[in-house]
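Let us walk through this protein step by step, starting with an open space in its surface and going on to the bonds that tie its chain together.

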Amino acid sequence: MAMIRSFVLPLSLLLILAASSAAVAKLEIGYYSKSCPDVEAIVREEMVKIITAAPSLAGPLLRLHFHDCFVRGCDASVLLDSTKGNTAEKDAKPNKSLRGFGSVERVKAKLEAACPGVVSCADVLTLMARDAVVLAKGPFWPVALGRRDGRVSDAAEASRELPPSFGDVPLLAKIFASKGLDRKDLVVLSGAHTLGTAHCPSFADRLYNSTGGQDGLVDPSLDSEYADKLRLNCKSLDDGGRLSEMDPGSYKTFDTSYYRHVAKRRGLFRSDAALLTDDTTREYVRRVATGKFDAEFFGDFSESMIKMGNVGVLTGAQGEIRNKCYVLN
C-alpha cells in the first residue's frame, strides 16, 4: 500500500487536541476500531490512487468538506442530490462549481464492500479532506470519527450560510463565529486557498465594472499588474468556462505561498484581500508570508481543521449511515 508522507506537529499534542475537541462533539479517535478497523487505510489507499491520477482534485475535495461543514454541520448534506420536491445544497449557486463527488462515491463504495452500512459519508468526506491535504504535501492531523449523515439538504440554506468570496472580515468573522470558529480560524483556514482553481465569475467583478468595461482598476485592493494578468485569462464578467489558479504557480501544493500573494495584494478573491484590513488577520498574513513560520502554519491549520470537522456533527442515533452518499436510504 502506498504511504502518505507529511509534515506533522508532535502527534501526541494533536491527539490530545483531537480527543478533547471530539469529546465535546461526542466523536472518538478509533471509533471504528472494531466495526471497520481498516477504515483509514482503505480511504488512504484509494486517495493515493485518486490524487496520483488527478493532483488537481486535492483542492476541490478539501473545499467539499468546507462547504459541507458550514451548512448544517459536517453531516454530508452537501453530497445529496436534488429530488423532484427539493433543491439540495449542491445545486445552490455557491456550490455549482463543486467537484469531487465521484471520488467520494468511489471511496464510499470501497468501504461498503469492506464494512457494509458502517462508515458514514460525513466521516468519509472528513478523512478524504485530511488525506487530500497530506498528499498535496501538507500537514497530517488525527481525525476523530463517529459522525452520522444528515437527512436534510436545502439549497436556500447553503446560499445563506456559506462564507461568500466577496465577504469582508466583519461578515466572515460573524459567519465563522456562528460555527464556533474565531478570527484566527478564519485567517488560517483561508490558507486552504493555496490549493485549487476558481471560475472567473467568482472574482471578475474585481477586474471589470458592471458594464463589462475596465476603465481604471475596479478594485483598488488588487495589485494592478496582477489584475492585468488575470484579465488575459478572464475576458469578461461572465467568462464561466475559464479557471484561474488561486495560488499561482503552486495550486497543487499545500504551502504558505498563498499568504505571500495576499501580502502583495495578489489574493484572488475580495475575501482574500479583506484579510489585510483587520489587525488580527493582517498580522497573521504578514507573519506567515515571511516564509519563516511554515511549521507554525501547518500546526495552526491542523488545529483549525479539527475544530471545523467537529462543527454541528450528528452522533449516536441521530441521522443515518447512508449506503450511497448522494441519496437517502
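By class, 22 nonpolar, twelve polar and five charged residues make up the lining of the largest pocket, where Ala, Val, Leu, Ile, Met, Phe, Trp, Tyr, Cys and Pro count as nonpolar, Asp, Glu, Lys and Arg as charged, and the others, Gly among them, as polar. The model is predicted, and local features need pLDDT of at least 70, side-chain atom pairs count only at pLDDT 80 or more, while totals for chains, interfaces and linings use all residues. Residues are numbered from 1 along each chain as its sequence is written, and side-chain values use heavy atoms, with hydrogens and water left out.

Rolling a probe the size of a water molecule over the atoms shows where empty space is left. On a 1 Å grid over the protein atoms alone, a pocket is an open set of points where a 1.4 Å probe fits, with protein on both sides within 12 Å along at least five of seven lines, and its lining residues have an atom within 4 Å of a point. The largest pocket has a volume of about 1,200 Å³, taken as the space filled by probe spheres set on the points, which are joined across faces, edges and corners. Of its 39 lining residues, Arg63, His67, Pro94, Pro163 and Ser165 are the closest to its centre. The largest share of this lining, six residues, comes from α3, and among the other elements that each supply at least two residues are α6 (155–161) and β1; helices (H or I, at least four residues) and strands (E, at least two) are DSSP runs, numbered from the N terminus.

We turn now to the disulfides. A search of the whole structure finds four of them, a disulfide being a pair of cysteine sulfur atoms within 2.5 Å. In one, the sulfur atoms of Cys36 and Cys115 lie 2.0 Å apart, and the torsion about their S-S bond is about 75 degrees, so this disulfide is right-handed. It links distant parts of the chain, 79 residues apart, with Cys36 in the loop between α1 (11–25) and α2 (39–53) and Cys115 in the loop between α4 (101–114) and α5 (121–135). Cys36 counts as buried because its relative accessibility is 0%, where buried means under 20% relative accessible area (1.4 Å probe, protein chains only).

Another disulfide joins Cys200 to Cys234, and with -75 degrees about the S-S bond this link is left-handed. Both Cys200 and Cys234 are buried.

Terms used:
Buried means under 20% relative accessible area, exposed over 50%, partly exposed in between (1.4 Å probe, protein chains only).
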